[in-house]
Amino acid sequence: RANTPNWFHNIQDIIAFFDESPTLDHMARGSWASWADAGVLEAMQNGRVLHETGGHVSPGFNHCGGAADAWQRFFEGKDKGLDKQKLLPLWALAEQLGVDYGVSTTDRLIGTPPVGTAEGDLIRQFTGYGNMYRFIARIENGGVDFVGRYGGKHSYIIGAGVMAGATVPLWLGEYLVGNEEAAKLLLTTVMESGGSLAQEVSTWFTPELGAWFFDPRSLVLPLDIYTDSAGAPQRNTSSTLTPPLVPPPPGTGDIIMTHGPTYYMAKGVEAGVIQSLVPPDIRLDPLTGAITLDNGTIVLSTGVAVLLDGTRMLPDGVVVKPDGTLLLLDGTTFTSDGSYHIKDGTVAR
């Protein structure tokens, strides 16, 4: 209905992960995952209502803590044909506010499972890394700039981390390939590659990957895969690989929904392998879910980013300078030394 093909793949990824996760009780009715995701979806739904009605809604309409209004701005931008460079920050702002609404509502209704439990720890890790993801996506060209700088600094460390742990390539094989034999083959390749694999993995951490990873439309596999009448996956050769999908031939099974980076990141967090790949200068506070980036920026559990000089970048797109001056986040960019150029031309650190 929203005519936004591709822009909600990451939401589908999260629903799929919640549904599959034994730690999160498979998103059972009444669980934390069920309540939190319902809030996220409610904000998107109500934002669409605001867009379709031009904001003319009945008294008492739930604006979901401002998240619905943010989604309205995204839908308006999409209909106006804004390019990805402008749309992605609008999307990230709306999703962060929606997550804040979903989580705060859930905490008020049933509370968050405590620290020290498998569910409570996974929730804090998942939301922490998600907040970091959305903070970087809120900044124009943020994915490219952040990964270009960070990947250049740490690509070998990350590559060596992949090489060092047999569980990592086995996990990648199981989830990315979905086949035990392929996972074993990947593991064998890793063990035989010596030092070359670190360089191989390093090539993944490039500005191009930054643009791909921080884009909710990204997928690992094309969307033209369906199951035939025997249940085997098949390629839809009549498709151009560009949604909307060409329906599978008559008499065949359902289209297989493939996944993007959000799904595999979540799987990696649950499997305990993402943490081993993150160098020590990006730290997650296990008690709060706050993330400290390598430039000292702290992304709080609410999505507020606090810089070293006291500048705060709020989830609603407002920058608060140390002297209290308010600016829009629009136009802010990362710089190579880890600081930020903000809208008034000054540098924040």
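Two residues are taken to be in contact when their heavy atoms lie within 4.5 Å. By that criterion, in this predicted model, residues 24 or more positions apart supply 61% of the contacts in the protein with a separation of 6 or more. The chain has 349 residues, and 47% of them count as buried. Its accessible surface comes to about 16200 Å², with carbon and sulfur atoms contributing 58% of that area. In terms of secondary structure, the protein contains 12 helices and 12 strands.

Two packed helices are described by the angle between their axes and the distance between the axes. Helix α1 spans residues 9–20 and helix α11 spans residues 261–271; their axes come within 7 Å and cross at roughly 30 degrees. Angles under 35 degrees count as roughly parallel, and α1 is therefore roughly parallel to α11. The crossing of α1 past α11 is right-handed. On the α1 side, the contact is made by Asn10, Asp13, Ile14, Ala16, Phe17 and Glu20. Pro261, Thr262, Tyr263, Ala266, Lys267 and Glu270 are their counterparts on α11.

Thr262 belongs to helix α11 and has a relative accessible area of 8%. Because buried means under 20% relative accessible area, Thr262 is classed as buried. With neighbours within four places in sequence left aside, Thr262 is in contact with Asn10, Asp13 and Ile14, and also with Tyr133.

Attention now turns to the strands. Strands of a sheet pair through backbone hydrogen bonds, either parallel or antiparallel. Strand β3 is joined by 2 bridges to β4 (residues 291–292), and the two run antiparallel. Here Leu284 stands opposite Ile291 of β4.

Another open sheet consists of 3 strands in the order β10-β11-β12, and its pairing is antiparallel. Its edge strands, β10 (333–334) and β12 (347–348), each have a single partner strand, so one side of each is left without a neighbour in the sheet. Between β11 (residues 340–341) and β12, which run antiparallel, there are 2 bridges. Within this pairing, Tyr340 has Ala348 of β12 as its bridge partner.

Definitions and conventions. Residues are numbered from 1 along each chain as its sequence is written. This is a predicted model: local features need pLDDT of at least 70, side-chain atom pairs count only at pLDDT 80 or more; totals for chains, interfaces and linings use all residues. Side-chain values use heavy atoms; hydrogens and water are left out. Two strands pair if DSSP finds at least two bridges between them. Helices (H or I, at least four residues) and strands (E, at least two) are DSSP runs, numbered from the N terminus. Buried means under 20% relative accessible area, exposed over 50%, partly exposed in between (1.4 Å probe, protein chains only). Accessible areas come from the Shrake-Rupley method with a 1.4 Å probe; for residues, only the protein chains shown count as cover. Axes are lines fitted to C-alpha atoms, for helices over the stretch in contact, and angles run from 0 to 180 degrees between N-to-C directions. Angles under 35 degrees count as roughly parallel, over 145 as roughly antiparallel, 65 to 115 as roughly perpendicular and the rest as oblique. A crossing is left-handed if the near helix is turned anticlockwise from the far one by less than a right angle, and right-handed if clockwise.
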